[in-house]
Number of protein chains: 2
Amino acid sequence: MSHESRVLPPALRGRLMSADAAAALIRPDDHIGMSGFTGAGYPKAVPKALAQRMQAVHAAGAPFKVGIWTGASTAPELDGALAAVDGVEMRLPYQSDPVCRQRINAGQMEYIDIHLSHVAQFVWFGFLGHLDVAVVEVAGILEDGRLVPSTSVGNNKTWLEQADKVILEVNTAQNPQLLGMHDIYYGTQLPPHRQPIPLVRPGDRIGETTLRCDLDKVIAVVETHAPDRNINFAAPDDNSVRIAGHILEFLSHEVRKGRLPAELLPLQSGVGNIANAVLAGLADGPFEQLTAFTEVLQDGMLDLIRCGKLGFASATALSLSNAAMADFNANLADYRRRILLRPQEISNHPELIRRLGVVSMNGMIEADLYGNVNSTHLMGTQIMNGIGGSGDFARNAYLSIFMTPSTAKNGLISCIVPMTPHVDHTEHDVQILVTEQGLADLRGLSPKQRAQVIIERCAHPDFRPALRDYYRRALDQSPGKHTPHLLQEAFAWHLQALRGERMGHGA
Amino acid sequence: MSHESRVLPPALRGRLMSADAAAALIRPDDHIGMSGFTGAGYPKAVPKALAQRMQAVHAAGAPFKVGIWTGASTAPELDGALAAVDGVEMRLPYQSDPVCRQRINAGQMEYIDIHLSHVAQFVWFGFLGHLDVAVVEVAGILEDGRLVPSTSVGNNKTWLEQADKVILEVNTAQNPQLLGMHDIYYGTQLPPHRQPIPLVRPGDRIGETTLRCDLDKVIAVVETHAPDRNINFAAPDDNSVRIAGHILEFLSHEVRKGRLPAELLPLQSGVGNIANAVLAGLADGPFEQLTAFTEVLQDGMLDLIRCGKLGFASATALSLSNAAMADFNANLADYRRRILLRPQEISNHPELIRRLGVVSMNGMIEADLYGNVNSTHLMGTQIMNGIGGSGDFARNAYLSIFMTPSTAKNGLISCIVPMTPHVDHTEHDVQILVTEQGLADLRGLSPKQRAQVIIERCAHPDFRPALRDYYRRALDQSPGKHTPHLLQEAFAWHLQALRGERMGHGA
């Protein structure tokens, strides 16, 4: 496909228009389903044009807000632009934009944090209200109207099916060779008509290479030529390398014990430096013929594919640095044999995660003595990003691993605390905790046994005495000794942190 | 099968022995997988004999404890007897025995609370250590060695497969006509060899009517003749009837809105008076051709089957009153066409719960302003029973409903609190909260919107002013306003309750 030919259906030629003209078709209070997942495949032009229109309307004294539903996080051109003009009534699901975050935490914008696997079905069920408009970036529109997906799939299938009206952004900066790298499953149904999802290996193709779209619903086609917002990862720092080391040692131990096959099981890995350090460790490690069944394809996974260690990766989006993106584009025909991008209702589906036996690795903000994990809220009240797919994976994984450096804010904050003031993953869903200090294997341990292992293996030595002191006093004074706590001081550490003091001092 | 003929394989005749002799084959520190789920199908004789032996060993100054793994709760003859002699090193999963509970909360017995769907696979994965002995009640042993399951299936398939040694209790008090009412699925595998589970309707038979057992592993067969510990439910009290009324009204509303089919979707219902009130309401309600995909079959479900409203019920155990049990036994041939009992790895399987689109109704201890639910811990530290299957269902259900009276302890305790000191179900897994006051539909609401609906719909009017006050001050003073909280007083209500005072007084 050349630049000129990416909108092939003659019927759509008359609907080509500017982003401003397309944005003018969006009404106040519309619910808009936008493409985009971790800075990949989000619409580049219409959200900005919509933000400008909103600003003008606001300046004229009238209200103009919309509901924004996406795959996951997007980029400043979408979340940032719309939040900056106070144009978002309700945002869902996962987001990571600093402007968005600031407005949400200031109480100026409503945000619903939803398991990523729940989003599409909630829309199908009618639980979130009616979807008015879909704004979806594609890499091209084929002659017969099928859409070539872009660098993320997210909830695009659902947006295109459920929305009354569709606005397509055809981005000629996206590689036309993406055609063939996607697997769009059209077998989902509403209960009671659902059938088993016929996927038993990460590489199984169960769907179509393109997105279906009722062209009669397409009210605008906007041509763009803009790259994704790729993230540049720093080289792994010491803590990340140590955490990765503990995980790799643990995986080898599990293989020796016969609890994991030599090629492991399909890997899920969150984004960020720790995740990339684990992947870098795998590149140098003893495991061959690895697979991934995950949300996002990071630099480290491309490296693993290139070095032959990773046989296949299933994901819903790319999340690459500029350098990795250049490599990806240069070698797309090769990568296409090793990568499938799927809707997030498939990449994150509990049925598939449990069937495949995924080894799940996710970051966290803090864990408590008993292994309850807070992934989302700073000091219990400020949302950081969202739960994303961590719940889909942790609950259904073969092994559920959560990881963090043991301290934050230059050692003022301990990431192991007496009690977390927000819980995203309960003790029931957390099997392994890892910090640079070590790895706590919580399988088969009661809460009290967990506490001792978590303190001694994961907490920073500077905080261990105070944690031991809390735990010992709780064990002595707690009305119940199944999960001992002192409710009057369970959050004393967080209150110290809120005052800018070192957690646990004076204990 | 007559009493005399229930142990048909000649090879097993020589292994018939007393419960005392069988218990003598159990060694200290053994991990024992016992049958039993909600007072149905647990071994009646060997646990008591084991407890007596332990008592003698303890009296002689020697230690003797074992690990007890079950399906879920059992009865005083098992959990109570072994806990009373301090014979349990580690108990898992769900339990509800008063002696067990007392010892766990006194810190004298270790307890691991596990999602019921996780137990079997954790044993298969080797995560809980080695299973030494299975002690399983059956209704009979067929000529070819196949076992006729009893009134619960639970984890029996896994215990029989995984244990080195098997002790069978053949209970002639169990109805021999149970043969044919079970569906034991033998298609589970370890990852990466798992396949889709071919069940698409609650009534689908996917397995065998009997349990397989390697007779070479059978070290003892003990004949018993003792009934299950059936529970007698009180007639629904006013609060239960009101809660049921709100739920039925809501289900009708969802049908009118087109969000549920006229015959609803498969129902899951916890045990207890509220659950039975809901089922009683359904017997008088407008819905026909209902189905159930649930853990336990209660009195109310039998009533629904008898009156023709419930077409099929899938469960893993019976949980009947004496009167209902008599009816069940008298009409077993009829009920067998409407009921299947399955392993709990199937009754609680995330893949199936999500596929079927279950309407899940579970009790809770308390919920917080934002919809986080505590199902297990009184005042955050004392275990009540356990999470059971509520997490399996709530996370994967089409609709996840939690219910409780709005107050406890004669109005001293509010079951809607500022913050729960223990979280079993996060806001992400809780869509509907119901008390006798009303129903809060949390779908599509942000945390702040949830708080207002929960206070005004679910909290008792006596506690609403104090809850509003906390919420308003939190909204004003909270560092983050996504999930507003005042950490310094988040548990003030629980501390009041621990002092015997009324929650929220003085606010």
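These legends go with a set of close-up views of a predicted model.

**View 1. The A–B interface, taken as a whole.** Chains A and B bury about 6900 Å² between them, and carbon and sulfur atoms give 57% of that. On chain A, the residues that lose the most area to chain B are R354(A), R395(A) and H428(A), which together make up 13% of what that side buries. As for who takes part, the contact draws 81 residues from chain A and 81 residues from chain B.

**View 2. Polar links across the interface.** Look here for E351(A) and R355(B), whose side chains meet in a salt bridge at 3.2 Å, N to O. The count of salt bridges between chain A and chain B is four. Polar contacts between the two chains come to 28 residue pairs, both partners at pLDDT 80 or more. Several elements of chain A each supply at least two residues to the side that touches chain B, including α5 (98-105), α6 (116-125), α14 (350-356), α15 (390-396) and α18 (492-498). Strands β4 (110-111) and β19 (382-383) of chain A are also among them. Sorted by class, that side of chain A has 35 nonpolar, 30 polar and 16 charged residues.

**View 3. Inside the largest nonpolar core.** This core has 164 residues, and those with the most contacts inside it are L282 and F328 of both chains: L282(A), F328(A), L282(B) and F328(B). Zoom in on L282(A) and, leaving aside its neighbours within four places in sequence, you'll find it in contact with L248(A), L264(A), L267(A), F287(A), L290(A), L304(A) and K309(A). Another core, of 72 residues, lies apart from this one and includes I454(A), I455(A), L486(A) and M503(A).

**View 4. Helix α4 of chain A under its cover.** Seven of the nine residues in α4(A), which runs over residues 76-84, are buried. The buried ones are E77(A), L78(A), D79(A), G80(A), A81(A), L82(A) and A83(A). Their cover includes strands β1 (31-34), β2 (66-69) and β3 (88-92), along with helices α3 (46-59) and α5 of chain A. Just after the helix, D86(A) takes a positive phi of about 55°.

**View 5. Two cis peptide bonds in chain A.** One joins L92(A) and P93(A), with omega at about -15°. P93(A) sits in the loop between β3 and α5 of chain A. The other runs from P191(A) to P192(A), and its omega is near 10°. For P192(A), look in the loop between β7 (165-171) and β8 (218-224) of chain A.

View 6. M379(A) isn't a glycine, yet its phi is near 55°. You'll find M379(A) in the loop between β18 (377-378) and β19 of chain A. M379(A) counts as buried because its relative accessibility is 13%, under the 20% cut-off. Over in chain B, N410(B) also isn't a glycine and has a positive phi of about 55°. N410(B) belongs to the loop between β21 (407-408) and β22 (413-414) of chain B. With a relative accessible area of 86%, N410(B) is exposed.

Technical notes: Residues are numbered from 1 along each chain as its sequence is written. Chains are lettered from A and ligands numbered from 1 in the order in which they are written. This is a predicted model: local features need pLDDT of at least 70, side-chain atom pairs count only at pLDDT 80 or more; totals for chains, interfaces and linings use all residues. Side-chain values use heavy atoms; hydrogens and water are left out. A nonpolar core is a set of buried Ala, Val, Leu, Ile, Met, Phe, Trp, Tyr and Cys residues joined through side-chain atoms within 4.5 Å. Buried means under 20% relative accessible area, exposed over 50%, partly exposed in between (1.4 Å probe, protein chains only). Contact means heavy atoms within 4.5 Å. Buried area is the accessible area (1.4 Å probe) that two parts lose on being put together, summed over both. A polar contact is a pair of N or O atoms within 3.5 Å; within protein, one must be able to donate a hydrogen and the other to accept it, and residues adjacent in sequence count only if both atoms are side-chain atoms. Helices (H or I, at least four residues) and strands (E, at least two) are DSSP runs, numbered from the N terminus. Ala, Val, Leu, Ile, Met, Phe, Trp, Tyr, Cys and Pro count as nonpolar, Asp, Glu, Lys and Arg as charged, and the others, Gly among them, as polar.
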